[in-house]
Amino acid sequence: MFKNYVKIGWRNLLKNKAYSSINIGGLALGMAVTLIIGLWIEDEITHNDYFQDGDRIAQVYQSQTFNGQTGTGPAIPRPLENALREGYGDNFEHLLMCSWTSSLYLKYGETNISRAGNYIQRQGPELLELNVTRGEKDGLREINSIMLSESTAEALFGNQDPIGKVLQASNQYDLMVTAVYEDIPVNNSFNDTDYLIPWDQYVSTREWVQEAEDNWGNNSFQLFVKIAENTNMEAVTAKIRNVKKDLNEDTAEFNPQIFLHPMKDWYLRGNFENGKQVGGRIKYVWLFGIIGMFVLLLACINFMNLSTARSEKRAKEVGIRKSIGSQRGQLINQFLSESFLIVLFAFFVAVLIVLLSLNGFNDLARKEIAFPWTKPAFWLLSLIFIVFTSLLAGSYPALYLSAFRPVEVLKGTFQGGKYSGLPRKILVVLQFTVSVAFIIGTVIVMQQINYAKNRPIGYDKEGLIQVPTFSADFEGKTDLMRNEFINSGAVVAMATSSSPTTRIWSNRGGFTWEGKPDGFQEDLAWTEVSAEYAKTLNLKIIEGRDFSRDFASDSLGVLINETAKRYLGMENPVGKLIKDDDEEDPDPPLKIIGVVEDMIAQSPYEPVKQGMYVYDRFENFSYYNLRLNPKQSASQNIAVIERVFKQHFPDIPFEYQFVDEEYGEKFAAEERIGSLSGIFTSLAILISCLGLFGLTSFVAEQRTKEIGVRKVLGASVLNVWNMLSKDFLKLVTLSCFIAIPISYYVMNGWLQDYPYRVILEWWIFGLAVVGALGITVLTVSFQAIRAARQNPVKSLRTE
């Protein structure tokens, strides 16, 4: 029986090529979008699946409250490790202190490269479940050891066996390679870990880390844990929540709350507000999942509409089948089989579309998704997907067509009825409601991105580069390098800073000043800079003056931004002192010499943080900031700068970043979402238009004789076009009125995540309405005008 169903379905496909092409094309596009989104979602939700015991791995986080605002993050004090180990050790299998990911210059022979990695305690490789391909798994046993990823080992040693080889780290100390491990996959939180060095090496070479051993106020470290098998994250968190507050009275005023942030939440649920987890990238998983479902629904609606619109052509077939004994269930199976056949063809076309577009999608989404040819689970899910789509698209037409009465059909008295077209109209309205909502959403996303991009950033990012200086070799040579760079003609100004221009790496508190409110808990961004910083970045001094080398007292000077002026409650801040409130060993007081315009160093979607730019008297810098000569091309300037750099630092790789490009990366996530939304919106509109095109063609075919009569009686092409178009335009207009409030509600909620956000204006919704109506007119007009221009003699000659 099934063979007979397939044979009849195949004949129907060949008999109605145009109808079949529209159905297969629309379904293929819808299924391709759903497949691509499905592959993307699978990549997102399997982030960190590299770890077999990932459900037991967590990072220790803390929440602290400053002036009623609670901040949450992974930065913790060093004494917390021993407190957890000694007081709660039976709850953990591993407790591992870890540095922040940082870059080192690694040198072996004449090869010099820069790589990112971490200093971590001895059990780090076991916690990270590294697949060691050479050397020892316990590779961090000795203080002077280093473990390398395969790609890093190959870059340094080529085809040589790296085990036992000694390399130099940032020209500071020698390290012996004890192990090589397989590169960690891209969809992993540790994928940028190119090396691991013992934690003891980190402590022994950094005095500030040694001093932080008992300092509960220095939150500059990371702590990773693997909990014991006999417990769970919630239970351990409940035990350790108040450990910092209980052990250190000085921090109790900030109400520190310690908790475990599970690995499964690092990537998708990493956002916190006022101490509460509020999601993260999971919202994009839901967003694109919903988009995929709706795009597939649009394609299925096309199938439903075209199948039911052709009901009169199939009516006699149904009547004859029923008159010779076919049951309704058999007819339903027949029509569902045809649906399955069309969906099967559409699936193969969809797979081809996915294969052709996957590389481009990966470039846009910054993924490395491969088509899962060899995964049985994918093909099983694909079969379920095909069956589900067949039922979704074919169930309504099957039920509708199988319900025809054979007597009425065969006597020629069958009529669809006054409301027979109502379901199709409802489906068209639903289709364009979704499409218009997509248009509005995409426009608002792009508006928000452009709004933030056009926000004044407080400095001139064009023609500015930053060069990392992560080596002791740079110490004591700042003035020399400034003169060398400027004298080369490639640079017009140079300054050093402890943080990159587009980031804030350090925050400080523990200050007192005249007029400080009782109980006020300050939290200030802290950047140490050289005297030329404001000049190099073109920061605007709005009160007081800039740093000057002519005043020795400026070594204890500080510039604050406008937000800090308001935050500190200073009406006339210039000349005021900011003192260290440490009574036992206070730092010298800092004198405010000027106020600079707010400069965006964090998210462009958020308010500027209160910040201090402190004179770097101890050379704690991490970057050279270079203002390029605008009279020469950037490539010429970079070539000269590299030559000067290599003259003084021949063993250090020359690296640089354009600040405008680094700033542009702040918009990358939203721009990817906007671009992908735009593509999916375009495909949704195309699918809707395919359906509308098919319906218009069929209506024009049904009303061929009516059009002929009207033309004989004097109707113009415009009259016929109006007759065929007005019903569709009414439906699309109704769709717009439904889509606008829904879109406003959803997008207004989305914008609440951004403190600095665009205002929703009427023209955004008006543009979407005009666009939808314009697309409808273009789609309908082709068939309407074609029908109107036909010779009425051809349609009436048999009458």
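This note reviews the aromatic contacts of a predicted model.

1. Basis. Residues are numbered from 1 along each chain as its sequence is written, and side-chain values use heavy atoms, with hydrogens and water left out. Because the model is predicted, local features need pLDDT of at least 70 and side-chain atom pairs count only at pLDDT 80 or more, while totals for chains, interfaces and linings use all residues.

2. Aromatic pairs. The structure contains 45 aromatic pairs (rings of Phe, Tyr and Trp, the last by its six-membered ring, with centres within 6.5 Å; planes under 30 degrees apart are stacked, over 60 edge-to-face, the rest tilted). The W40 and F288 ring centres are 5.1 Å apart with planes at 75 degrees, so this pair is edge-to-face. Because W40 belongs to helix α2 (residues 17-45) and F288 to helix α11 (residues 282-309), the pair ties together parts 248 residues apart in sequence (helices are DSSP runs of H or I, at least four residues; strands are runs of E, at least two; both are numbered from the N terminus).

3. Burial. W40 has a relative accessible area of 4% and is buried; F288, at 1%, is also buried (buried is under 20% relative accessible area, exposed over 50%, partly exposed in between, with a 1.4 Å probe and protein chains only).

4. Second pair. The rings of F520 and Y567 are edge-to-face, because their centres lie 5.2 Å apart and their planes at 65 degrees. F520 is in the loop between β19 (511-513) and β20 (524-529) and Y567 in helix α19 (residues 562-568), so parts 47 residues apart in sequence are tied together. F520 is buried at 18%.

5. Cluster. One aromatic cluster includes F474, F485, F621 and Y624.

6. Charge over ring. The charged end of R508 sits over the ring of W526, 4.2 Å from its centre (NZ of Lys or CZ of Arg within 6 Å of the ring centre and within 35 degrees of the ring normal). K453 lies over the face of F667, 5.8 Å from the ring centre.
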